[in-house]
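Dear colleague,

I am handing over the structure below, and I would be glad if you could look through it with the notes that come after it.

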Amino acid sequence: MGKSVVARALLALFFAIGLSANAAEKKPAPGPELRSANALIVDANSGDVIYERDAGRPVPIASITKLMTALVVLDGQQPLDEVIVITADDKWKGKGAFSRLPVGAKLTRGDLLKLALMASENRAARTLGRNYPGGMKAFVRTMNQKAKALGMTRTKFDDPSGLSSLNVSSPRDLSKLLNAVSRDTRIREFSTLESHEVRIGKSSLVYRNTNLLVGKQDWKILVQKTGYTNDAGECLVMQAMIGDRAVNMVLMNSFGKLTRTADARRVRRWMEAQEKPAAAGVTEVAAK
């Protein structure tokens, strides 16, 4: 074999190796292998996307709704120590209407807000909406106005509890909501309570946080909310510290009660395994 033939063969080999190396360099970092159908992980301070999966699609959000409910109540500057009576009008007529609060119970607005945020009490959220100036219709209208003001363009609210499947939003919009509620110290405090006890007549009811990660020593959660309906699946949104970064996690439509918290753990392990977390985008299905 002539020297020129060998030289050409070596050149072709080096060229192929170079292409392979370049392809490897351009290959995006593998994601955290989440089980949630829709997800967005964002640096809360910079807004940099760390990971996304179908993050522009509006989907049912279940009790994630209650973050907006809390924001509207607190923006309305209604007194948290005012006692409110739960009535039959606060009952949800559709499916998923379970509540531990009986008609006739008397609680302060602050207690109702705590139960809605940390224990996802549906009747508490609806009672808050009914007792807003102008009633339930005015409350829902204000929810949608607030969403528009926050730039939540793929979001619509139909009721304050999240039981309505017409309450929809996208992970991108929910990250904006997380940023807004994280600025209110009361929402941060109420949503991360491990438990809360209320008096109902001569009895007392103890509520536990629906987020299994709250109270865990290895987690620093700044604000959070869980959600579940048949239409929405298991959902979890929260702002938590990972290392020295405040990170927004939006995890929507997973299956199995433990999957949403397992996904949050997968996100944290994945981020901690990378010195510089890079964006690992999945093709968007829904355009803005």
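This is a predicted model: local features need pLDDT of at least 70, side-chain atom pairs count only at pLDDT 80 or more; totals for chains, interfaces and linings use all residues.

Residues are numbered from 1 along each chain as its sequence is written, and side-chain values use heavy atoms, with hydrogens and water left out.

The mean pLDDT (the predictor's confidence in each residue, from 0 to 100) is 89 for the chain, and 85% of its residues reach 70 or more. Over residues 13-28 the pLDDT falls below 50, and this stretch has zero contacts (heavy atoms within 4.5 Å) beyond near neighbours in sequence. Residues 282-288 also have pLDDT below 50, but there the model has 20 contacts beyond near neighbours in sequence.

Helices here are DSSP runs (H or I, at least four residues), numbered from the N terminus. The axes (lines fitted to C-alpha atoms over the stretch in contact, with angles from 0 to 180 degrees between N-to-C directions) of α3, residues 109-118, and α4, residues 122-130, come within 8 Å and cross at roughly 135 degrees. That makes α3 oblique to α4, since angles under 35 degrees count as roughly parallel, over 145 as roughly antiparallel, 65 to 115 as roughly perpendicular and the rest as oblique. The contact is made by Arg109, Leu112, Leu113, Leu115 and Ala116 of α3 with Ala124, Ala125, Thr127 and Leu128 of α4.

Helix α4 also approaches α5, residues 135-149, with axes that come within 7 Å and cross at roughly 100 degrees, which makes the two roughly perpendicular. On the α4 side, Arg126, Leu128, Gly129 and Arg130 meet Gly135, Met136 and Phe139 of α5.

Helix α2, residues 65-75, has 10 of its 11 residues buried (under 20% relative accessible area, with exposed over 50% and partly exposed in between, for a 1.4 Å probe and protein chains only), so it is largely enclosed by the rest of the structure. Just after α2, glutamine 77 takes a positive phi of about 55 degrees.

Isoleucine 187, in helix α7 (residues 185-191), is buried with a relative accessible area of 0%. Not counting residues up to four places away in sequence, isoleucine 187 touches Leu67, Ala70, Leu71, Leu74, Leu117, Val181 and Val223. Isoleucine 187 and leucine 74 lie 113 residues apart in sequence and 8.9 Å apart in space, C-alpha to C-alpha.

With best wishes
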